[in-house]
Amino acid sequence: MRLILLGPPGAGKGTQALRLVAKYGLVQLSTGDMLRAAVKAGTPIGRKVKDIMEHGGLCPDDIVVSIVAERIEQPDARKGFILDGFPRTIPQAVALDRMLERNGRRVEVVVPLNVPEDALAERVRRRAPEGRPDDTPDAFVKRMHVYRTETAPVLDYYRSKGTCIAEVDGVGGVDTVTERIADALKAGQAS
Ligand code: AMP
């Protein structure tokens, strides 16, 4: 299964991706995790994106696309994967389609995790002590704006292509949301 988890900052994409990894034996590909690792290791890419990430902006498409292109060719990603935090722009979605098409693959299902904005702000506030530099109020406002303007249209892109969209209510306990995702995936496969 090749699945995309789509959602605003604080919607629970990372948490749910880990659950789905355990449940379905897929690999999780989180561009946020990969970029944070690059920043920590001080690689040339890391040095380029550090400031952008701290302020809640989007890293350049070419950097993110090349990271994903390399990662999805690894043997463990051949069976299937969950993309968490990618694609975040339409050019990224188009690039992903192209790289998958080269091997006769495609995105099978997109799971939008729906959480209202006030609940998101509260979750991010609670997460702040975990030390993510982009969980400050200013960076959150910026990430929300970027989500609305750049990332939300990605859902319309997949909709217009006829990709299976499995909408999920992301408000509730972690287990409840995981169950909703599993149900939505079952329903999606049946239709
Ligand atoms: P995340 O952990 O998914 O919230 O990502 C944290 C930060 O990494 C984002 O706010 C962006 O600065 C950067 N980032 C992660 N994924 C992408 C992407 N697909 N495109 C551009 N920037 C990204």
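Okay, let me start with a rule: a salt bridge here is a side-chain nitrogen of Lys or Arg within 4 Å of a carboxyl oxygen of Asp or Glu. By that rule, this structure has 17 salt bridges.

Quick housekeeping. This is a predicted model, where local features need pLDDT of at least 70, side-chain atom pairs count only at pLDDT 80 or more, and totals for chains, interfaces and linings use all residues. Residues are numbered from 1 along each chain as its sequence is written, and side-chain values use heavy atoms, with hydrogens and water left out.

Back to the salt bridges. Take Arg 148 and Glu 117: their closest N and O atoms are 3.1 Å apart. That pair links distant parts of the chain, 31 residues apart, with Arg 148 in helix α7 (residues 137-161) and Glu 117 in helix α6 (residues 117-127). Helices here are DSSP runs of H or I, at least four residues, and strands are runs of E, at least two, numbered from the N terminus.

On to polar contacts, meaning pairs of N or O atoms within 3.5 Å. A polar backbone atom of Gly 57 is 2.6 Å from a ligand oxygen. Over at Gly 85, a polar backbone atom sits 2.9 Å from a ligand nitrogen. Then there's Arg 132, with a side-chain N or O atom 3.2 Å from an oxygen of the ligand. And the protein covers 96% of the 480 Å² of accessible area that the ligand has on its own, going by Shrake-Rupley with a 1.4 Å probe.

One last thing, a bit of backbone. Most peptide bonds are trans. Phe 86 and Pro 87, though, are joined by a cis one, with omega at about -5°. Pro 87 is in the loop between β3 (81-84) and α5 (90-101).

Notes. A polar contact is a pair of N or O atoms within 3.5 Å; within protein, one must be able to donate a hydrogen and the other to accept it, and residues adjacent in sequence count only if both atoms are side-chain atoms.
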